[in-house]
Amino acid sequence: MELREVIGNRRSMRFLRPYQMVEPEKIQRMLEAARLASHWGNVGSTRAVVVFRDSAPKEALDALTAPIAGYQIRIAPVIIVWYLDTTIVDRQGDRLRELVNVGALGVGEGKHEQLEKQLIPIFNSILERMKEPGLGEVDGGQAIAQATLMAYEQGLGTCCLSSPNVDRIRQALGMPDTCRILVIQTVGYPAEMPEAGGQRPRQPFGEMFHMNRFGNAFPRSPEVVRELERDRMFQAAAPQPYREAELDFLKAALGIKGHGLL
Ligand SMILES: Cc1cc2nc3c(=O)[nH]c(=O)nc-3n(C[C@H](O)[C@H](O)[C@H](O)COP(=O)(O)O)c2cc1C
C-alpha cells in the first residue's frame, strides 16, 4: 500500500479485540519507528512505558483512566504511556556535537570551534526553558505519529487518549517527577471494520492553511484533490451507511455501558 493510502486509512480505532494480545515484536517495531523521528537538536527526550494488560501490576492498570470514551482502557490489550524525560535536555551539548561529528550540522573548517564557542552556549542559556512544554511536545507528536503508522502497517489499531490522572499514572509506573506524560495510546487488533465508519471530518483546508500571509487562503487545486481521491488518500466520508448497526454490535460485544462517551 502506498504511503498516501496509509495516511488516508490511518484512523483512531476505539474498538479493539480484548481477547487478542499484541505480540511484543509488533510493539517494538512501533517504538523503533518512534525512535527514528526528528527531535529538536536531536535531543530525543520522547520515551514510553508499555503496559501489557496480561502482565502489568493491577496498580498500574487501575491508574490508567481516560475521561472521554474511557471503556477503551478496559478493553485495550496494550497501553503505551508516552512521555518526555526532561532530564535528557541536559545532554543537549553532546547531541549537538554528535550532529556536527556525523556531518549533519555545520559546514567547513572551524565548525567545531563555532559549535563550542557559540552554538552550545546559546543552547545552555535556554536549557531550562527548553524543558518547559513546547518543542518537546512537537517531538513527541512526531514520534507517536510514526509509531502509529507502524502500528497500522502491522494490522493494529490505536487511539491516543488524554488522562486526568497523569500524576497517579507516573507514580504507579515508578516514573520520576521529571517525566512529563504526553498522552496514552491504546493498541490492539481492531474489532471494527478497517474503514472504522469512514474518513473522519476535518476542518476546511482554506481555513487551515495560508499563503505568504495570515488570512490569505492557500489555493487548493481540485486536480490535486482528485489525484488524492484516486490514490485513496481521500476516502468515503464518515458515516458509512452501516455504521450505526456496527456500533450497536460493538457495544454489545464489548459490554460498553451507556453511550460510551465517558
Ligand atoms: C493528543 C490526542 C488526544 C486525544 N484524546 C482522546 C481521548 O481522550 N479520548 C478519545 O476517545 N480520543 C482521543 N483522541 C482521538 C481523537 O479524538 C481522534 O483523533 C478523532 O476522533 C478523529 O479521529 P481520527 O484519529 O481517526 O482522525 C485524541 C487524539 C490526540 C491526537
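1. Two residues are in contact here if their C-beta atoms, placed from the backbone, lie within 7 Å. By that rule Ala172 touches Glu59, Ala60 and Ala63, leaving aside residues up to four places away in sequence. Ala172 sits in helix α9; helices are DSSP runs of H or I with at least four residues, strands are runs of E with at least two, and both are numbered from the N terminus. Ala172 is buried, with 21 other C-beta atoms within 10 Å. The cut-offs for that term are 20 or more other C-beta atoms within 10 Å of a residue's own for buried, 12 or fewer for exposed, and partly exposed in between, with C-beta atoms placed from the backbone. The C-alpha atoms of Ala172 and Leu64 are separated by 9.1 Å, although the two are 108 residues apart along the chain.

2. A note on the basis. The model is predicted: local features need pLDDT of at least 70, side-chain atom pairs count only at pLDDT 80 or more, and totals for chains, interfaces and linings use all residues. Residues are numbered from 1 along each chain as its sequence is written.

3. Overall layout. The chain has twelve helices and six strands. Its C-alpha trace spans about 65 × 55 × 35 Å along the principal axes. Of its 262 residues, 24% count as buried. Take the contacts between residues at least 6 apart in sequence: 83% of them join residues at least 24 apart.

4. The core. A nonpolar core is a set of buried Ala, Val, Leu, Ile, Met, Phe, Trp, Tyr and Cys residues joined through C-beta atoms within 7 Å. The largest one holds 41 residues, and Val78, Ile79, Ile80, Val81, Tyr83 and Val187 touch the most other members. Two or more residues come from each of α2, β1, α3 (58-63), β2 (78-85), α8, β3, α9 (166-172) and β4 (179-188). Strand β2 gives the most, with seven residues. Ile79 touches Val51, Leu64, Ile73, Ile184 and Thr186, not counting residues up to four places away in sequence. In soluble globular proteins, nonpolar side chains tend to be buried together.

5. The α2/α8 pair. Two packed helices are described by the angle between their axes and the distance between the axes. The axes of α2 (residues 24-35) and α8 (residues 135-153) come within 7 Å and cross at roughly 145°. Axes are lines fitted to C-alpha atoms, for helices over the stretch in contact, and angles run from 0 to 180 degrees between N-to-C directions. From α2, Arg29, Met30, Leu31, Ala33 and Ala34 meet Ala143, Ile144, Gln146, Ala147, Met150 and Ala151 of α8. By class, this contact has nine nonpolar, one polar and one charged residues. Ala, Val, Leu, Ile, Met, Phe, Trp, Tyr, Cys and Pro count as nonpolar, Asp, Glu, Lys and Arg as charged, and the others, Gly among them, as polar.

6. The ligand shell. Around the ligand are Arg11, Ser12, Arg14, Ala66, Ile68, Ala69, Cys159, Cys160, Leu161, Ser162, Val183 and Arg200. A residue is near a molecule if its C-beta atom, placed from the backbone, lies within 6 Å of it. Strand β3 (residues 157-161) provides the largest share of the shell, three residues. The shell divides into seven nonpolar, two polar and three charged residues.

7. Backbone points to check by eye. The peptide bond from Ala238 to Pro239 is cis, with omega near 0°. Pro239 is in the loop between α11 (222-230) and α12 (243-254). Asn42, not a glycine, has a positive phi near 60°. Asn42 belongs to the loop between α2 and β1 (46-52) and is partly exposed because it has 16 C-beta neighbours inside 10 Å. Asn212 also has a positive phi, about 70°, without being a glycine. The loop between β5 (210-211) and β6 (213-217) holds Asn212, which counts as exposed, with 6 C-beta neighbours inside 10 Å.

8. Buried or exposed: which is Leu96? Leu96, in helix α5 (residues 92-101), is buried because 21 other C-beta atoms lie within 10 Å. Leu96 touches Gly41, Leu105, Leu115, Leu119, Ile120 and Phe123, again not counting residues up to four places away in sequence. Arg213 lies in strand β6 and is exposed, with 6 other C-beta atoms within 10 Å.
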